[in-house]
Amino acid sequence: MGHLIPPSILPYVLPVLYAVVIVAVLPLLAGYIVLMERKVMADMQARLGPMRVGPHGLLQPIADAVKLLLKEDIIPDKADKLMFWFAPLVSVTMALLAYSALAIGPAFQIADLNIGLLFILAISSLGIYGIVLGGWASNSHYSLLGALRSAAQLVSYETAAGLALISVLLLAGSLSMKDIVQAQSDQGVWFAFSVPFGFFIYLVGSIAETNRAPFDLPEAESELVAGYMTEYSGFRWSLYFLAEYANMIIVAGIATTLFLGGWLRPGARYHEHIPGTAIEWLDALPALLTLGVALYSLSLAPKQPVKIQKIVMLLVAALCLMVAGVLAGALFAPPAVLQGIHGAFWFMAKVFAYIYAFLWIRFTFPRYRFDQLMRLGWRFLIPLALVNVIGVGVAIVLRQQWAWGPIVSLIPTTLGTLGVAMLLAKDDAPVAEAQTADGE
Amino acid sequence: MQTLNQALFIFFAVLAVVSAILLVTRRNIVHGAVFLITTLLSTAGIFLLLEAEFLFIVQVILYVGGIMVLFVFVIMLVNLDDSMRQVQFNRQWFVAGALALVLAAQFLFAIWAGRGALRLPAMAGEISPKNTEAVADALFSHYMLPFEIASILLLVAMIGAVVMAKRRVE
Amino acid sequence: MNDGRTTKAISGMDSVNTTVLGADEIILNMGPQHPSTHGVLRVKLKLDGERVAGSECIIGYLHRGVEKIAEHRSYQQFAPYVDRMDYVAAVSNGLGYCEAVEKLLGTEAPPRARVVRTILTELQRIASHLLWLGTHALDIGALTPVFYCFREREEILKIFEKYCGARLTTHAFRIGGLQYETYDGFEEDTKRFCNDFAHKIDEYETLLTENRIWVGRTKGVGILNAADAIALGVTGPVLRASGVQWDLRKAQPYAAYEQYEFDIPTRDTGDTYDRYVVRMEEMRQSRRICLQAVENIPTGPIMARIGKVLKPPPGEVYHSIEAPKGELGYYIVSDGTTQPYRVRVRPPSFINLQAFDRMAKGALIADVVAIIGTIDIVLGEVDR
């Protein structure tokens with residue numbers, strides 16, 4: 001194939017192809033994550049969730065997308081039209097742009113920047129403008145306040161999350177996403193297990209960065225200050241929505257790459273083979289799982305009440321079978337292809353697991369009040385993240401000077417950070433700072 | 001590859017200049033801020049074209065993602081109606097224009113006189129493939145003292161800002 | 001004061017026409033349509049930056065003239081109307097009214113009727129507190145407990161439906177006793193519910209009571225001290241959370257309460273967290289009462305001998321009960337005819353709502369929603 005394409009364009013073909021795939025797939029993926037959220041929410045609330053539109057609600061995102069596209073585009077009278085048009089655009093563009101440095105598999109990356117991680121962080125911080133300009137453009141006092149609060153929250157927790165990432169960077173020695181995964185592969189242990197506090201801080205920081213509960217006060221419906229999205233409807237609102245969920249996936253992607261081993265197979269050192277073949281058990285797992293899903297969908301198909309739902313269920317089963325086939329076929333392909341395809345599968349599986357954690361946390365905890373939120377960020381997370389970075393520095397010295405092992409050297413770090421965390425948490429007890437003295 | 005570089009440079013340069021002009025001519029301050037953001041981003045693009053990745057990323061994170069956010073916050077929190085109604089140009093615009101032309105002529109002459117220096121010689125040694133490491137090496141070895149001084153300056157500024165803000169509340 | 005349309009401004013808000021009072025003071029209007037005001041309540045807040053400097057509750061959006069209607073209905077005809085006041089806890093409204101008229105008539109319901117009334121009222125208390133818990137948690141951001149609470153409430157409503165045919169506005173009791181005998185399986189259903197419920201309420205406690213975020217949102221918020229509570233006439237869980245041990249079931253027992261052993265939970269700070277703990281504990285105590293009552297329902301008639309046409313002798317009576325929300329009182333004046341001369345209802349939510357200003361002063365905007373929720377008001381009762 002390299003002969004057909006002139007050499008001047010060849011290096012650009014694959015990245016452009018990947019970019020097109022990502023831009024095309026992402027809205028669909030974001031839509032299905034919304035469906036996943038609704039189903040998981042329903043499951044935790046002892047109910048069923050969307051069941052009507054498509055079998056088990058599987059066509060719900062499509063129905064929602066069509067509805068949003070057909071809605072009337074309302075622009076408030078005194079709103080700044082240029083900004084009103086521009087703000088959601090900024091949000092979506094930045095959210096999508098961040099995917100260019102994300103490595104979904106060893107072969108699936110648009111651009112292997114050697115500042116990859118910093119690039120994603122930079123682009124995420126640009127997404128704040130979408131919120132701030134959107135709040136401003138709505139010409140409503142409360143939208144603006146809500147937007148500014150959202151932005152302040154984002155900036156604060158970005159700092160904490162960034163510091164948590166630095167601790168991993170110190171250990172990996174590089175900013176390139178591929179190198180970080182490689183470091184985890186060399187180490188044999190994912191950074192989530194060797195630097196658990198870094199993972200914890202990043203988890204909390206990423207929840208706050210994407211404005212999810214328990215940090216979603218600026219967006220909550222039962223609060224008095226309306227959020228920045230209030231005046232947006234229809235397609236413009238769906239752009240904001242897409243940006244929010246794309247941000248969630250990016251943040252999950254960063255966490256997966258840095259803490260959860262990226263595309264590495266869990267149990268990468270476990271090489272037990274299926275007796276009689278050269279295939280390892282854990283390698284056969286993706287294909288088996290997808291096959292299981294396909295068979296389950298097939299079994300559900302006859303039970304659907306309406307014909308269109310039966311058809312869609314069969315289509316879903318066919319799709320899962322195809323994916324299972326590809327995954328199984330990769331088992332017999334050269335190792336590079338196997339790693340590429342299975343790597344993408346494991347990456348996406350971990351991303352979904354991280355997003356599931358987001359959803360789980362959202363539906364379990366109440367909401368923080370804004371001042372409590374800022375207090376948590378500045379007086380607990382940032383000091384803890386700083387201590388973590390220093391601790392990792394100590395661990396590196398231990399490794400280099402006294403040749404401690406990669407995992408053992410991090411134990412003092414974890415213990416030290418744990419001690420500091422307990423101290424900070426006790427100091428930060430929920431005190432009645434809420435009310436000034438009454439008595440008038 | 002060469003042509004792509006040149007095309008991108010022309011794109012970023014034009015974008016920077018146009019944004020700068022729009023920035024100073026907008027009546028609406030928020031629009032002005034947005035055009036300043038575009039200008040800064042174009043400059044960052046030019047840094048990237050020169051293979052100075054660290055500068056590019058620092059420009060984006062700090063300037064656009066930090067300082068401009070601060071600007072925008074302040075602009076939005078301050079009551080702008082008065083400033084919007086002020087007259088943009090006063091009666092001395094003719095003199096100002098003439099002086100600007102004189103200044104421009106001086107700049108152009110200086111650039112034309114030194115045009116030989118604009119053609120940079122080919123890269124002598126090899127550039128380190130990782131710009132960030134190179135910057136870090138330099139910063140932590142040769143330029144350690146200025147780095148520390150700058151850090152302390154920033155720390156003092158941060159503490160000062162917090163103290164000033166706190167005092168206002170009480 | 002009889003015109004329930006507007007309350008007087010309690011805090012120094014003389015003019016409510018301007019929207020910007022000073023550099024930092026604005027007036028914020030919440031409601032009457034708002035996801036968190038639990039009905040059509042309008043709250044005007046005077047804000048000083050983030051903090052509430054004063055507030056005014058404007059009610060009357062649900063006023064239906066219930067007390068006036070009472071003057072033109074016979075005593076039995078009026079009984080279904082009282083359910084519609086506190087529509088969340090209809091059974092207790094009915095209990096209060098029926099007992100008040102029985103007092104006026106000088107009779108008493110037979111023992112069997114009294115015990116069944118107690119069981120149903122305590123089940124209703126649990127249901128009312130469950131609804132309160134779900135909506136209060138929802139306002140503070142916990143999205144899940146509301147569904148669990150409604151699942152338990154469903155069981156109670158099923159019992160009511162099997163008993164008297166209605167889930168919400170039950171008209172379960174009649175003046176003089178009960179109309180319906182308990183259905184077959186009433187005791188089993190109640191026992192089964194009470195046994196399941198202990199485990200469930202522990203589950204809700206694990207979700208909220210020790211949760212850092214919940215404690216942070218509710219501790220120290222909306223404090224009402226005991227002296228203020230008594231001065232404002234607050235009753236019910238709000239009063240008990242402020243440290244005053246006063247429960248009409250123990251102080252002036254009615255129905256069959258003196259036969260049973262139960263505790264009155266009290267706390268001492270009077271903040272939102274304390275009110276939460278008091279109501280959770282009350283649910284447990286109600287369950288305890290139900291279990292004791294259901295063991296031993298006396299046999300006998302369910303209706304006293306009072307005749308079909310009720311003409312109480314001229315006179316007046318005030319009878320109050322401990323409704324889930326506080327002291328629910330009925331002041332009935334009879335002029336000797338079949339229709340009462342005057343029925344005045346003392347709704348707990350109406351009087352508890354007056355404590356809102358005291359609780360909200362100095363609180364942050366985000367806490368206002370929590371404070372409204374913690375008083376546990378039902379607008380049907382506030383406005384009648």
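Trainee: In this predicted model, which residues of α6(C) are buried?

Mentor: A residue counts as buried when 20 or more other C-beta atoms lie within 10 Å of its own. By that criterion the buried residues of α6(C) are D189(C), T190(C), F193(C), C194(C), F197(C), I201(C), Y204(C) and L208(C).

Trainee: Against which helices do the buried residues of α6(C) pack?

Mentor: Residues three or four places apart in an α-helix point the same way, because there are 3.6 residues a turn. For α6(C), the partners of the buried residues all belong to chain C, and they are α4 (111-140), α5 (145-164), α7 (212-218) and α11 (272-295).

Trainee: How far apart are the end C-alpha atoms of helix α6 (residues 186-208) of chain C?

Mentor: This helix has 23 residues, so at 1.5 Å a residue it should span 33 Å.

Trainee: Which chains have the most contacts between them?

Mentor: Two pairs of chains touch, whereas chain B and chain C are joined by no contact, their closest C-alpha atoms lying 12 Å apart. Of the pairs that touch, the one with the most contacts is chains A and C.

Trainee: What distance separates the centres of domain 1 and domain 2 of chain B?

Mentor: The domain assignment places domain 1 of chain B at 1-81 and domain 2 at 130-170. Taken over C-alpha atoms, their centres are separated by 23 Å.

Notes
Residues numbered from 1 in each chain as written. Chains lettered and ligands numbered in written order. Predicted model: local features only at pLDDT ≥ 70, side-chain atom pairs only at ≥ 80, totals over all residues. Contact = placed C-beta atoms within 7 Å. Domains from an automatic or database assignment. Helix = DSSP H or I, 4+ residues; strand = E, 2+ residues; numbered from the N terminus. Expected span 1.5 Å × (residues − 1). Buried ≥ 20, exposed ≤ 12 C-beta atoms within 10 Å, placed from the backbone.
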